Every structure is written in structure tokens, then in C-alpha cells.
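Colleague: I have some questions about how the labels on this model were assigned. Can you take me through them?

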Amino acid sequence: MTMSAITPAEIAAPLAALLPARRGARWTVGPAPYSIRNNVPTSRLTNGRHALLVAEEAGRIEVFADRPGMFPVTPDVVVDATDPAPALTLAARVLRSVLPDLDADEIRETGRAKGWDQVLSDRAAELLEVGFDLIDHGTIATPAEGVNGPGLTWTASTGGVWGLWVHGQARCLVLTYDGPVRGLYGFLPVVVTPYAGSTEDHAGSAFTRNLTDRLPQLRPVEDGEVQFGARREPFGWIATPTTDEPTDRADDGQRVVAEISGLGVDLLLSTAAYLVCPPLPPGRAPRLLPGARPPRKAPDMTPTATAPARPARPAQTLAGRVAALLPERAGIPWTVEPCTAWWTVRYPAARLVQGDRALVLVARTWDTQIGWQLPDREPTRPDLHLESLSPAVIAREALRLVLPVLDDEAAGRAAKDGPRVMGRLELLNEIGHAMRLQGAATYNRIGLLPNTSTLAWAAPSGARYSVTLHGTNPVADVQIQGPVRAVEKAVTCFLPAAADGRPEIPRVRGRLQRRLAAVLARHGQVEQTDQGGLAFSTGPGSGPYGYATPAADAQARAHDTTPASIDLHGIGADLLISLAPQLCH
């Protein structure tokens, strides 16, 4: 008989008892395979799908997500050992953030290994799992088809209608509610992050005070709406059904609509009782105990197949329109979350999220500010300032100027921590897939320089494109060759919008160069090099820049069919994917 040299953690068994079983598999406690901290009691919890490591050290308890092939260094959850109920606090935070992250990792791995059809099949199975648990609690969950995917609807004993929806291959599930506000009193304290919220100066009414008095974490953003949430935590909003609803009264029977995103299946299984039973009496705090079962009543079953419509909010509305213009990556669309920007609390903000990438968008009175966000990078000031509120302009400039910088930073950090998740060949295949959807025939080849790969295709206009990636850099070099008329049209897709008025064209030698300079000068700065070519840029910053190769015969006439060649640098994969229709026709 062998014994583990690592002392087991005492908190592991109470924590495992608070985590819900998944498809009959309960969490079990076993010895840790290795010690994360020297001479620290450590245990491993697993349910066959996911695993957690729990360590007790110097007055605090740490929980690490045990991911295959990775050694955990930074704890995912830290709780003070003097907490009145440390196991309950750990379980709440693990259910809100750690297990949804592990589910997201599993979704990405399934998508790569088995395809996104299998991912959607697994998400449907998760809905069934939650639906059967709701039936055990005394309600009937009805399958429904939402705008973004399948879902379930059911009616609570308070008369409110809940809906649980799958949004494509998004990280988590989305919960909606339409009914009396008292139907939220039991569920919200369990899922809302314990961090205190910040109040907008211009917001506040009897409606919002009724909610914030019960939960200080809620943030009023308007007289008829409150928001809540944090990164890697459930987030959402509660609002009146329409913007013209009176907000000068507050009672428990007032009708509201709500949406709660970022929910994992384990959290929903633990809180199913609060989605069915009446709210707890005032003054009695709900407990996060998955084994509790409320008395079964016969609720009024009037499910609906559509989620409640959210009142129009400037930042979220603008962000939603921008998200619709940004391309999907690996089948994952951009989604919109409420947030508060670090650099301003005066103007509304929204977060656009795609996997681990995020953009924080602030809609001001006459302009827009954008900051990019990674899991370990919080924008404290805007990375891009645009004097426009047009979704098309915002999306175009984010694709040109922001996302390439974000991807470059993410790739640099991934290279330091280990091999990149998506190699350059996989990234080229993703770009090639977008071109093939437009009818272009693509082919890959080894680049001319070491550690490079190239994707090439031709368009009916006569233009020929080649995209080259160097090493682990996700920002590409693009070469456009062909008739000068087609090259001029293609290169302007990567440059900012043409300036108003007559551009200032520098003195340029050569007829072809003068023609190209007249086009490029409308979109940026141009100068001729000593070799006769044209170097151009879009000004200071990280925007695309390039070089136009000089003509073989500088004195030859520049007809529309004259051959030309332009090299572009600093082009992001998202921009190439979004321009696929223009580059293939």
C-alpha cells in the first residue's frame, strides 16, 4: 500500500459536497499528483470532466484549475481562511468563474478536434441536462428556438417566464426573464458578483433604488435600467420593458425584463431551486446549496418561445451594430457585454468579446473611444479615438488599427508561455477558407524567407494576392500584383477613407508612379525613394504601410492594364477575412 507524501487539504471534502453532479458523476476528493506549494496541504477534486487543485497555505485557501498538459502557477480563486464559510465562498466563486472557463476550454478543443457541429450537439445536451433538473424541481421546461440558437423556457411559481439560450459557440449560456421583479430576488444574490458597483451620476430613480437597496452590486445606468457583472463573472441587466415605463414607483409586482450572461451549466444546476420556487422571505439570505429542494407546486405553465426585447441603450446598441460587422473567428462570433471603462464613468460603455479577445467601446456625444483587452491586460486609456459614431467606420478602423495590435500582443505572450494555440498554417487556412467561400481557388506554399508561409489566390479582375506570415507573428504582409486599375482598387481597401478636397501630391518621377501617387496621397502620406518606388503610410501609429514597386520602364504610358505591384505590411487576419468579398471579385 502506497501513501501520498502530500498532506490532504481539509477544505476539499466540504467543497466537493457543494459542487453539483454532472450526469450522475459527483465530485470526488483524491490525493494531489504534485505539490503546488512546498509543504502545503493539497488535494485534487475531479468529476471525470474537470479537475481542481485545492491548497491551504498561511491563512488562505487557493483553488487552481487543473488543465491537461499545464502546470498551474497562478490560483484561479483565493479565499481568506478566516472567512465565516470558506467552503461556501469557494464553491460560489468556482461555479461563477472557474468551471465556465474549463467548459470554454473544452468547447474550443472539441471544435478543433471534432468540428463545430459536435460543439452544438454538446450544447444541446447541456440544455437537456438543465431541463431535466428543472423538472426534478417541479416545473416543465419547454424546448424553444431563439434568434441565436436553441433554448428552454419555463414559468416560475411567481408567474415570471424564464428562458435559457445557447448563443452559437459562445462561452456560456444566456438566461432571460420577463415577469414581476420579485421573481429575481432569490436568484440574483446567488449569481451576482460580490464586488460593489459604481453609480452613474445621471442615473437613479425609485425603480433603481428598489434594486440597489437589495443588492449594492447593481449599477444604475439609467432611470429604467441597472447592470451588473465583472470579467469572468456572470453579467447582465434588469430594465423596464419599454423606455417610457414609469420609474417613479417601486413594488415587488412591477414587470421587468432581464438578461444574465456568462452562466455555466454547473452554476445553473446549483441554483435551479431559485429559478422555480418562490423568493425567500425578506431578511433571509439564500444559501448556495445544490441539494436543497423547494416544495413542489403546480405553476401556471405559459412558456414563450422568444426572449424579451431589451430597451435601446446607446453604447450597447452601437456595440451590437459594430459586432455584426466584425468577422467570426473559428466559428465564434462577437458578443456584447455591459461594462464600465476605466478611463471614464461619465459616458456609457460596452465590451465586445470574442474568446479571450475583447474591445471596450465608449460612445461619447460626438466621438467614440476604443480600448483593447486581454485576460491580463486592462485598458486604462483609449487605444483609438474616432470622431465618428458610424458603426461601419468604427468597425473598419478597429479592424485596421486595433485588432492587429491586440493579436500581436497576444501572440507575443503566448510565445513566452509556450507554443501558440493557432500556428501560422492554421491562421492561413482560416483566411483561405474565407476566400474559398467567395469562389476563389487558393494554394499554400513555403515562403521565400526562413520560417514563413504564404497563401495565394487570384481574382477575376486580374489582381493576384499573396499573404505571408512570419514566424509566430499573426500580422501579415500582403502583396498585390496585376493591372494597375485592379491594384489601385484593392489597395484602398486596406487604407483609411479618402480625405476631402484636393490631395497634396509630391513631385514624383515616372508615369506609373505619378498615377499611383495620386491615388495613395488621398489616403495617407507618400514619398518617392531613391530607387524610384513609392513608400506610403497612414501617419503615426500602427496602421498599415507599404511600398509600390517602380515600373520597369519609367517613361512608358500608364494604361489601366499596365502591370503594377504593391506590398502592404501590418495587415491583421480579421481585416483580410472581412475583405474577402472585395478581394475575390
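Colleague: How many salt bridges does a search of the whole structure find?

Modeller: The search finds 23 salt bridges. This is a predicted model: local features need pLDDT of at least 70, side-chain atom pairs count only at pLDDT 80 or more, and totals for chains, interfaces and linings use all residues. Residues are numbered from 1 along each chain as its sequence is written, and side-chain values use heavy atoms, leaving out hydrogens and water.

Colleague: Why is the contact between R96 and E233 called a salt bridge?

Modeller: The term needs a side-chain nitrogen of Lys or Arg within 4 Å of a carboxyl oxygen of Asp or Glu. The closest N and O atoms of R96 and E233 are 2.7 Å apart, so the pair qualifies. R96 lies in helix 2 and E233 in the loop between strand 11 and strand 12, so the pair ties together parts 137 residues apart in sequence. Helices (H or I, at least four residues) and strands (E, at least two) are DSSP runs, numbered from the N terminus.

Colleague: What makes R96 count as buried or exposed?

Modeller: Buried means under 20% relative accessible area, exposed over 50%, partly exposed in between (1.4 Å probe, protein chains only). R96 is at 5%, so R96 counts as buried. E233, at 7%, is also buried.

Colleague: And D105, with R67?

Modeller: Their side chains meet in a salt bridge at 2.8 Å, N to O. D105 lies in helix 2 and R67 in the loop between strand 4 and strand 5, so parts 38 residues apart in sequence are tied together. D105 has 26% relative accessible area, so D105 is partly exposed. R67, at 22%, is partly exposed too.
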